[in-house]
Amino acid sequence: MTTRYNSIAIDGLNIFYREAGNIAAPAILLLHGFPSSSHMFRDLIPELASDYHVIAPDYPGFGYSDAPAASEFTYSFDKLTEMVEKFINALGLTKYSLFMQDYGGPIGFRIAAKHPERIQSLIIQNANAYVEGISAAFEPMQAFWENRNAETEKAPRSLLTRETTIFQYTHGASDVSRISPDAWNHDQALLDRPGNDLIQLALLHNYTSNVALYGQWQEYFRTHQPHTLVVSGKNDPFFVPAGQEAFKRDIKNAEINLYEGGHFVLEEFHTEIGAKIRSFLSKKLAKAS
């Protein structure tokens, strides 16, 4: 299946997205993490497109979507969620599965909790909704969250460097030679755009708004019992396996699959994860129809 590259105007911003598959097929919305974009799904999309309508947008400030200055646009997780919701509505999607990685988690969980009737399944890849999933790697961020200033910004600014971007892709990988340098070079080129540091700092500072909603998301899980598949790298330095296993506490039939990879486990295991998603959805969506 050929991937199509499109953009659509949402509130005056051009939102870029990758799309593949038959638009009449069940939809899967792929929500990317930091510091990447829909580019992180370049290998997974062909694995799913024969059976599903696959859509992967870039959020404002990421990838090929417009990136207004942080002084001109509110970069918060609530605002990104609002933009993704408007994107979904503009495409006319009324039922869909959500694939969520990293930042995609808090955006997708907000959408799912608000519109449970639209959600056909949750596919979670190194995204978090439990305090026990947060690793000690976040501890240097605490002072920044409590009081943002030039001194406390030093910790989050370290997350914007080329060294850290490479680390995010390679740490915990089972075979680093399978991870294309195209991944981190693409991400870093976009991170290094003038003014993008202020965009990323705004979102990093707003991250505590996600933790504050964990209880609400867990209540959504318990109440609605969404079909849930976890396909995560077990060696993620940021979101540890305890947080991935925790989904079973609130979603009784959640399927947990941990791979010998890191935060961007798709770089190594897109074929295996693609097969797991197809198998999972073929059973779950058939029961729902």
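Is His-32 buried or exposed? His-32 is buried, at 0% relative accessible area. Buried here means under 20% relative accessible area, exposed means over 50%, and partly exposed lies in between, with a 1.4 Å probe and protein chains only. This is a predicted model: local features need pLDDT of at least 70, side-chain atom pairs count only at pLDDT 80 or more, and totals for chains, interfaces and linings use all residues. Residues are numbered from 1 along each chain as its sequence is written, and side-chain values use heavy atoms, with hydrogens and water left out.

Start with the surroundings of His-32. The residue sits in the loop between strand E3 (27-31) and helix H1 (44-48). Helices (H or I, at least four residues) and strands (E, at least two) are DSSP runs, numbered from the N terminus. Not counting residues up to four places away in sequence, His-32 touches Ser-37, Ser-38, Met-40, Phe-41, Pro-57, Asp-58, Tyr-59, Phe-62, Gln-101, Tyr-103 and Gly-104. A contact is heavy atoms within 4.5 Å. Tyr-103 is 71 residues away from His-32 in sequence, yet the two C-alpha atoms are 6.5 Å apart. The His-32 side chain also reaches the backbone oxygen of Ser-36 at 3.4 Å. A cis peptide bond joins Phe-34 to Pro-35, with omega about 0°.

Now turn to the nonpolar interior. A nonpolar core is a set of buried Ala, Val, Leu, Ile, Met, Phe, Trp, Tyr and Cys residues joined through side-chain atoms within 4.5 Å. The largest has 59 residues, and Leu-98, Tyr-103, Phe-109, Leu-122, Phe-221 and Phe-247 touch the most other members. Helix H2 (residues 77-90) gives the most to this core, with 6 residues. Apart from it lies another core, of 31 residues, including Leu-30, Ala-183, Val-231 and Leu-281.

Beyond its neighbours within four places in sequence, Phe-221 contacts Phe-109, Leu-122, Ala-129, Tyr-130, Pro-226, Phe-247, Asp-250 and Ile-251. Gln-218 is in helix H10 (residues 214-224). Gln-218 counts as buried, at 15% relative accessibility. Its contacts, again leaving aside neighbours within four places, are Ala-129, Tyr-130 and Asp-250. In the loop between H10 and strand E7 (228-233) comes Gln-225. Gln-225 is not a glycine, but has a positive phi of about 45°. At 28% relative accessibility, Gln-225 counts as partly exposed. Asn-126 also has a positive phi, about 50°, without being a glycine. Asn-126 is buried, with a relative accessible area of 0%. Its place is the loop between strand E6 (119-125) and H4.

Several helices are well covered. In helix H3 (residues 104-114), 9 of 11 residues are buried. Among them are Gly-104, Phe-109 and Arg-110. Helix H8 (residues 196-205) has 7 of its 10 residues buried, so it is largely enclosed by the rest of the structure. Those buried residues, including Asn-196, Ile-199 and Leu-204, pack against H2, H4, H5 and H7. In helix H7 (residues 181-191), the buried residues include Trp-184, His-186 and Asp-187. Ser-180 caps the N-terminal end of H7, with a side-chain oxygen 3.0 Å from the backbone nitrogen of Asp-182.

Glu-153 occupies the loop between helix H4 (142-146) and helix H5 (154-158). Glu-153 counts as buried, at 13% relative accessibility. Beyond four places in sequence, Glu-153 contacts Phe-144, Arg-148 and Leu-201.

Last, the open space. The largest pocket has a volume of about 260 Å³. On a 1 Å grid over the protein atoms alone, a pocket is an open set of points with protein on both sides within 12 Å along at least five of seven lines, and lining residues have an atom within 4 Å of a point. Grid points are joined across faces, edges and corners, and a volume is the space filled by probe spheres set on the points. The pocket is lined by 17 residues, and Phe-138, Met-141, Leu-159, Leu-204 and Phe-238 lie nearest its centre. By class, the lining has 13 nonpolar, 3 polar and 1 charged residues. Ala, Val, Leu, Ile, Met, Phe, Trp, Tyr, Cys and Pro count as nonpolar, Asp, Glu, Lys and Arg as charged, and the others, Gly among them, as polar.

Methods: On a 1 Å grid over the protein atoms alone, a cavity is a set of points where a 1.4 Å probe fits but cannot get out, and a pocket is an open set with protein on both sides within 12 Å along at least five of seven lines; lining residues have an atom within 4 Å of a point. A polar contact is a pair of N or O atoms within 3.5 Å; within protein, one must be able to donate a hydrogen and the other to accept it, and residues adjacent in sequence count only if both atoms are side-chain atoms.
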